[in-house]
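Biologist: I would like to learn how to read a model of this kind, one feature at a time. Please give the general idea and then the case here.

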Amino acid sequence: MPSCQNCNHQWSWSDTVIIGFKNNKNCPNCGERQYVAPSSQKGISLFTFIPLILIVFLNSFYDLNNIAFISFITLFVLGMLIYMPFTIKLSNEKKPLW
């Protein structure tokens, strides 16, 4: 789990998931605004979009039934929610993605 760059407080899983989607959040300990580091944002984007595109293309080539397709998407989203908080790094200042 990431730690606040200001007070070194380790964030909880739920707070980390929230900042992963919002890209900024106040530290639960010191109240200082924290941002997701650009390298983490890029990793989250790649981890999210590439597998989703592959699942959609596989569905069109192999003509999966709706239950299998929904199951793949559900498993992917659950896996992303479990794995993503462990890859996030925080920053004290908002930096451009590129």
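Modeller: Buried means under 20% relative accessible area, exposed over 50%, and partly exposed in between, with a 1.4 Å probe and protein chains only. Cys 30 has 34% relative accessibility, so it counts as partly exposed. This is a predicted model, in which local features need pLDDT of at least 70 and side-chain atom pairs count only at pLDDT 80 or more, while totals for chains, interfaces and linings use all residues. Residues are numbered from 1 along each chain as its sequence is written, and side-chain values use heavy atoms, with hydrogens and water left out.

Biologist: How many helices and strands does the protein chain have?

Modeller: Helices (H or I, at least four residues) and strands (E, at least two) are DSSP runs, numbered from the N terminus. The protein chain has three helices and three strands, in the order α-β-β-α-α-β along the sequence.

Biologist: Which residues of helix α1 are buried?

Modeller: Helix α1 covers residues 13-22, and its buried residues are Asp 15, Thr 16, Val 17, Ile 19 and Gly 20. They pack against β1 (24-26), β2 (33-36), α3 and β3 (90-91). Contact means heavy atoms within 4.5 Å.

Biologist: How do I read a pair of helices, and at what angle do α2 and α3 cross?

Modeller: Two packed helices are described by the angle between their axes and the distance between the axes. Axes are lines fitted to C-alpha atoms, for helices over the stretch in contact, and angles run from 0 to 180 degrees between N-to-C directions. The axes of α2 (residues 38-62) and α3 (residues 66-83) come within 11 Å and cross at roughly 170°. That makes α2 roughly antiparallel to α3, a label for angles over 145 degrees, where under 35 is roughly parallel, 65 to 115 roughly perpendicular and the rest oblique. On α2, the contact is made by residues including Phe 47, Leu 52 and Ile 55, and on α3 by residues including Phe 69, Phe 72 and Met 80. By class, this contact has eleven nonpolar, two polar and no charged residues. Here Ala, Val, Leu, Ile, Met, Phe, Trp, Tyr, Cys and Pro count as nonpolar, Asp, Glu, Lys and Arg as charged, and the others, Gly among them, as polar.

Biologist: What share of the 98 residues is buried?

Modeller: Buried residues make up 28% of the 98 residues in the protein chain.
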